[in-house]
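Today I opened a new model and started a page of notes on it. Here is what I looked up, in the order I went.

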Amino acid sequence: MADKEKKKKKKSTKEEAPAEAPAPAPAAEAKRESSRGSRKAKRTGSNVFSMFSQKQVAEFKEAFQLMDHDKDGIIGKNDLRATFDSLGRLASDKELDEMVNEAPGPINFTQLLTLFAARMSGGSDDDDVVINAFKTFDNDGKIDSEKLRHALMTWGDKFSGDEVDDAYEQMVIDDKGFIDTQKLITMLTASAEEGEGEEGEAA
């Protein structure tokens with residue numbers, strides 16, 4: 001009998017102990033969460049999202065969704081082909097493969113941001129970025145000014161109609177509405193170099 005009572009007492013104290021233990025646990029969890037939170041805060045410095053403003057991330061997201069034609073969360077070769085088709089430009093399989101292969105893995109939204117970040121942090125020369133951007137609109141040495149206008153007013157930092165008109169005043173546009181791609185690239189890259197030269201003199 002005495003043994004049974006002792007066992008019961010042991011059991012009851014064991015049962016009571018777990019009931020008391022959870023009380024301090026939330027405090028321990030809170031400590032863990034706060035230390036986790038501070039670790040997260042420190043880690044965001046290397047996070048690709050921290051390199052862009054919220055507005056830029058939202059604009060990249062919008063562009064990503066436009067490019068992701070099959071809506072599977074990955075930009076693949078067929079998505080790129082459809083994007084070029086919608087811009088009225090035919091891209092070769094080789095070009096599409098090169099673009100897809102720039103990324104080390106499937107191009108999801110984070111991977112796309114990482115590619116942009118690499119370009120912006122000097123992974124590619126600014127002039128190369130300008131040249132490649134306008135070459136995507138190039139068709140036999142000419143750019144359709146209406147398609148370019150649509151792109152400028154639709155994606156990224158959207159231009160207003162007046163801003164496009166102001167930019168177009170600086171460009172040579174023929175009577176059929178085409179811009180000479182090489183002249184445009186020369187004008188943009190030369191003015192960028194002049195600007196840098198002036199800054200250097202001022203310093």
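Which helices each supply at least two residues of the lining of the largest pocket? I found α3, α4 (77-86), α5 (93-101), α6, α7 (126-135), α8 (145-154) and α10 (181-202). Helices here are DSSP runs of H or I with at least four residues, strands are runs of E with at least two, and the numbering starts at the N terminus.

Before going on, I noted that this is a predicted model, where local features need pLDDT of at least 70 and side-chain atom pairs count only at pLDDT 80 or more, while totals for chains, interfaces and linings use all residues. Residues are numbered from 1 along each chain as its sequence is written, and side-chain values use heavy atoms, with hydrogens and water left out.

I put the volume of the largest pocket down as about 2,200 Å³. A pocket is an open set of points on a 1 Å grid over the protein atoms alone, where a 1.4 Å probe fits and protein lies on both sides within 12 Å along at least five of seven lines; lining residues have an atom within 4 Å of a point. Points are joined across faces, edges and corners, and the volume is the space filled by probe spheres set on them.

I then looked at the lining, which has 44 residues; closest to the pocket centre are Phe116, Val129, Ala133, Thr136 and Phe137. Helix α7 gives the most, with seven residues. By class I wrote down 28 nonpolar, seven polar and nine charged residues. (Nonpolar is Ala, Val, Leu, Ile, Met, Phe, Trp, Tyr, Cys and Pro; charged is Asp, Glu, Lys and Arg; the others, Gly among them, are polar.)

**Rings**

Next I checked aromatic pairs: rings of Phe, Tyr and Trp (its six-membered ring) with centres within 6.5 Å, called stacked if the planes are under 30 degrees apart, edge-to-face if over 60, and tilted for the rest. The count came to four pairs. Phe52 and Phe60 sit edge-to-face, 5.1 Å centre to centre with 80 degrees between the planes. Both of them are buried (under 20% relative accessible area; exposed is over 50%, partly exposed in between, with a 1.4 Å probe and protein chains only).

Phe60 also pairs with Phe116, this time stacked, at 4.5 Å and 15 degrees. That pair links distant parts of the chain, with Phe60 in α3 (residues 54-67) and Phe116 in α6 (residues 109-123), 56 residues apart. Is Phe116 buried or partly exposed? I got partly exposed, because its relative accessible area is 33%.

**Charges**

I counted 10 salt bridges, meaning a side-chain nitrogen of Lys or Arg within 4 Å of a carboxyl oxygen of Asp or Glu. Glu59 bridges to Lys55, with the closest N and O atoms 4.0 Å apart. The two lie four residues apart in α3, about one turn of the helix. Glu59 counts as buried because its relative accessibility is 15%, while Lys55 is exposed at 57%.

Arg89 and Glu95 meet at 3.0 Å, N to O.

Last, I looked at phi. Lys71, in the loop between α3 and α4, has a positive phi near 55 degrees without being a glycine. Asp140 also has a positive phi, about 55 degrees, and I found Asp140 in the loop between β1 (138-139) and β2 (142-144).
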